[in-house]
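Hi,

Here is the structure I promised to pass along.

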Amino acid sequence: MGFTIEFFIMAAIFGTIYGFLLQKADFCFVASVRDFVSVKDSRIGKGVLVLIATALIGWGFVLTIGVASIDQLWTVPFGFSNFLGGLLFGIGMTIAGSCASGALYRAGMGYIHFWIVIAAMITGNLLFAFVYDPWAHTYIVEPLISGEGYSLYELNLPFLLIPFLLVGLMVFVALRTYGWNGFWQGVKEALTDWSKNPFKQQHWDVRFVAFLLGITATIQFVLLSSVSVTGPETRIGGVLLAQVFGDSFVYNNTYLNMMFAEFPVIGLGPEETLVIFIIVGAFLSSLLSKSFAIRIPKAKRLPYAIGGGLLMGVASRIAPGCNIANIIPGIGGLSIASFIVIIGMAVGIFIVTAYVFKMPLLLFQKFDDDDDDDDVA
């Protein structure tokens, strides 16, 4: 990835699209597991599966036609560290009330709670950076790694074979569960009503949005890079530190030095631009649909935002990556590490939902009511 104006413009466009789409469907990975565990509501979970299926076919297709190559895949070392990081991230985002991408688009909608979550996540990223060398690396990350980054695409099978098998299995299960008529009815219901102005509509079907997100991410993979959130947020934290303490302070930190290894200087690159414009895209979307409002959280909610965000920040460095990075380029790229991270996240959400928050759906509905009461704009 380059640092020319063209790459910054592309990043801004992709970020705006992601923010717009995420806001339109209220797409959140936490809700996909939480709602199913709570009340067996699989609506958002179906969207996550559509996103995974689209990414799988998308990555396999672009590799097959040769517009992308295996060395562009996002893969990281695999082992129990992936599960531990995913587990802690799942717990953190359930406490915070949002996944990494969900915090960004809700921040764009005016939720101050999620600006606090983002700030806490960046603080957690930096906390990990300052315990990385030697403690975290020596006693946590390194002992739990089993092998170097590996993608199943490296098996030298036809690139579309494994994606077709996995997506075919998903379709088979759906047909067995709902039958052909139910499956086809779901496809038709997923289409947004285009008879009205879609940009002003408050909600698009989550399955339709998931499909568009997968297509957008595939195009970004070819033209720019793999989409990620917490890595760029860590570098944003590094840039803020550099403004206060100087560049040498950041370069002298082993972890942050690695994070800026490919940067010409300590500054915001295209990936950081993309993350910032996710907030911009969500802001524009909520303005068009008249759902933007400044929502100030009650004081009793701050421990959830700060504690959950901090845990998400630290965990995203252990995993590594957040829900977006591991679901889209990770699973799409058939990365072994990402499969493990996603399992860990799902377990973490399940544990908190089922055993900590005894009535999670009611809890979060109460939070929403509180937000409505606190709207000031």
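Leu 334 sits in the loop that links H14 to helix H15 (336–356). This is a predicted model, and in it Leu 334 has a positive phi of about 55° without being a glycine. Is that residue buried or exposed? With a relative accessibility of 0%, Leu 334 counts as buried.

Lys 290, however, is exposed, at a relative accessible area of 72%.

Two cis peptide bonds also turned up. One runs from Asp 133 to Pro 134, with omega near 10°, and Pro 134 is found within helix H6 (residues 112–144). The other joins Ala 319 to Pro 320, with omega near -10°; here the proline belongs to the loop between helix H13 (302–318) and helix H14 (323–332).

Finally, helix H1. It covers residues 5–25, and at 1.5 Å a residue its 21 residues should span 30 Å; the C-alpha atoms at its ends are 31 Å apart, which agrees. Its buried residues include Ala 11, Phe 14, Tyr 18, Leu 22 and Ala 25. Among the elements covering the buried residues of H1 are helix H3 (43–64), helix H5 (100–108), helix H8 (206–223) and helix H12 (270–288).

Key:
Residues numbered from 1 in each chain as written. Predicted model: local features only at pLDDT ≥ 70, side-chain atom pairs only at ≥ 80, totals over all residues. Heavy atoms only, no water. Helix = DSSP H or I, 4+ residues; strand = E, 2+ residues; numbered from the N terminus. Expected span 1.5 Å × (residues − 1). Buried < 20%, exposed > 50% of the residue type's maximum accessible area, 1.4 Å probe, protein only. Contact = heavy atoms within 4.5 Å.
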